[in-house]
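Good morning, and thank you for coming. Please look at the sequence and the model on the screen while I speak.

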Amino acid sequence: MDADLQTRLDDANDASRKHLIQPWPVADSIGDEARSIIQSGDGIYIRNDQGERLIDGPAGMWCTNVGHRNQALADAMRDQAMKLSYNSPWYTSNEPAALLARRIADHAPGDLEHVFFTTGGSTAMDSAIRFVQFYNNVRGRGGKKKILAREGGYHGSTYLSASLNGGLRVKNWMDFETDLIIKLACPDPFRRPAGLSVDAFADRLIDELRQTIDREGAENIAAFVGEPVMASGGVIVPPPGYLKRIRDICTENEILYISDEVVTGFGRLGHMFASEAVFDVTPDIITFAKGVTSGYFPLGGMVVSAKLMRDLQGSNHPDAMFAHGLTYSSHPIGCAVALRNMDLLEGGIMDHAADVTPYFWEKMKALEALDLVGEVRGLGLMACIECVADKSNKNPIRLDTEVGNRIDAHCQELGLLLRPLVNMCVMSPPLVITRDQITTMADILHEGILRTQNDLRAEGIWQG
Ligand code: PLP
């Protein structure tokens with residue numbers, strides 16, 4: 001690395017430590033923490049402040065679907081900025097937003113035809129919940145307020161979206177909205193009670209839902225919120241048929257179904273939206289973000305069904321206002337880059353991803369042969385390695401061993417960045433990853449886990 005670059009990176013590190021509050025900091029280092037400065041990206045690779053090139057295993061935060069440094073996306077952003085960089089969505093509209101709304105509606109299942117744009121996933125989820133509240137208030141069902149969410153789910157970091165989370169992390173130090181939200185169990189087949197088949201586990205989850213509705217009263221429950229595959233909860237693919245059964249119960253009880261496709265949308269599971277294409281569920285509302293711009297611009301949104309719009313239009317309160325909007329709703333640059341991103345996804349990248357996915361799974365599943373690995377699970381180009389103390393009884397490894405961080409550290413030395421999650425590591429590579437790159441990624445993972453096993457044995461922490 002040349003001396004100039006090194007000086008600049010050192011300066012950035014210094015500024016970061018002194019002035020940047022990073023997401024999810026802890027009290028003893030808040031306001032005094034430097035995280036590795038990523039200096040550049042290209043395709044599936046990023047380069048860190050040591051000049052090392054790493055495979056971007058999680059595609060940023062499940063978002064850089066078409067990869068880094070894409071010329072077409074950079075051009076789309078520059079062209080739009082030189083044409084119209086911003087307009088007020090309060091009084092006006094713009095061409096990219098209108099065209100993107102139609103294009104998203106064309107891909108969305110059922111009669112989901114109306115799109116509201118936000119600045120990311122949390123604001124998409126907040127918008128969806130606020131819309132549902134508005135919808136019920138206008139229709140004279142002001143008591144229908146509670147939201148069903150699930151342990152293991154992740155929906156964002158605004159007050160309302162964070163209140164829906166059922167996270168792995170300790171949440172003792174944060175405040176949440178509790179009156180509105182009811183948590184259901186996590187549909188994790190790997191962690192189902194011993195002796196229960198996956199089908200029986202699904203039945204139990206559905207019973208829990210029915211009992212919850214009986215207890216709370218359907219007249220008090222507004223919506224169910226769920227990711228098709230729980231991403232940050234550890235890539236949890238629910239039991240077969242479970243989501244469809246939830247959808248049916250929601251329909252029976254006039255509970256709206258909100259599918260959070262912030263991660264699963266825009267090609268990650270092989271489709272623009274996975275709810276219907278993969279899980280046979282037609283939601284009332286879908287939220288999206290991340291992959292919609294491949295992370296090039298902070299954009300998200302919700303797609304709402306035509307039926308809900310008709311219900312509002314036919315209500316007794318024609319003057320009721322959905323008093324909700326963001327300065328950057330329908331941002332023209334974000335929408336322009338999203339349109340070009342969809343061109344790329346449809347113009348070959350989703351086909352490519354479909355081609356390499358079986359090979360990706362062949363290589364990922366082979367890691368289950370390692371002693372530390374309890375399960376490698378996932379769908380599409382989304383995978384999670386869960387480590388266990390004991391393969392035979394799935395006993396979780398001691399969480400304080402930071403096994404995910406250990407594997408990540410070894411893999412980074414070998415050229416792969418992961419997303420560690422306590423005893424798990426998550427991967428969702430850019431969809432442009434090639435077979436050869438998948439081979440490299442799997443080889444590094446294999447070696448990184450082997451080295452972690454050796455460390456844990458040497459430290460006497462684990463003898464598996
Ligand atoms: N929903 C899901 C499923 C997510 O994974 C995330 C972020 O990881 C969000 C919502 C929140 O999105 P954002 O961080 O863009 O606000």
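A polar contact is a pair of N or O atoms within 3.5 Å; within protein, one must be able to donate a hydrogen and the other to accept it, and residues adjacent in sequence count only if both atoms are side-chain atoms. This is a predicted model, in which local features need pLDDT of at least 70 and side-chain atom pairs count only at pLDDT 80 or more, while totals for chains, interfaces and linings use all residues. Residues are numbered from 1 along each chain as its sequence is written, and side-chain values use heavy atoms, with hydrogens and water left out.

I begin with the ligand. A polar backbone atom of glycine 121 is 2.8 Å from an oxygen atom of the ligand. On aspartate 260, an N or O atom of the side chain lies 2.7 Å from a ligand nitrogen atom. Lysine 290 places a polar side-chain atom 2.8 Å from an oxygen atom of the ligand. On its own the ligand has 390 Å² of accessible area, and the protein covers 83% of that area (Shrake-Rupley method, 1.4 Å probe; for residues, only the protein chains shown count as cover).

Which residues surround the ligand? Among them are Ser122, Tyr154, His155, Glu227 and Val262, where a residue is near if one of its heavy atoms lies within 4 Å. By class, this shell has 3 nonpolar, 5 polar and 3 charged residues. Here Ala, Val, Leu, Ile, Met, Phe, Trp, Tyr, Cys and Pro count as nonpolar, Asp, Glu, Lys and Arg as charged, and the others, Gly among them, as polar.

I turn now to the helices, which are DSSP runs (H or I, at least four residues) numbered from the N terminus. Axes are lines fitted to C-alpha atoms over the stretch in contact, and angles run from 0 to 180 degrees between N-to-C directions. Helix H5 (residues 121-138) packs against helix H10 (residues 306-313) at about 40°, with the axes 9 Å apart. That makes H5 oblique to H10; angles under 35 degrees count as roughly parallel, over 145 as roughly antiparallel, 65 to 115 as roughly perpendicular and the rest as oblique.

Notes: Helix = DSSP H or I, 4+ residues; strand = E, 2+ residues; numbered from the N terminus.
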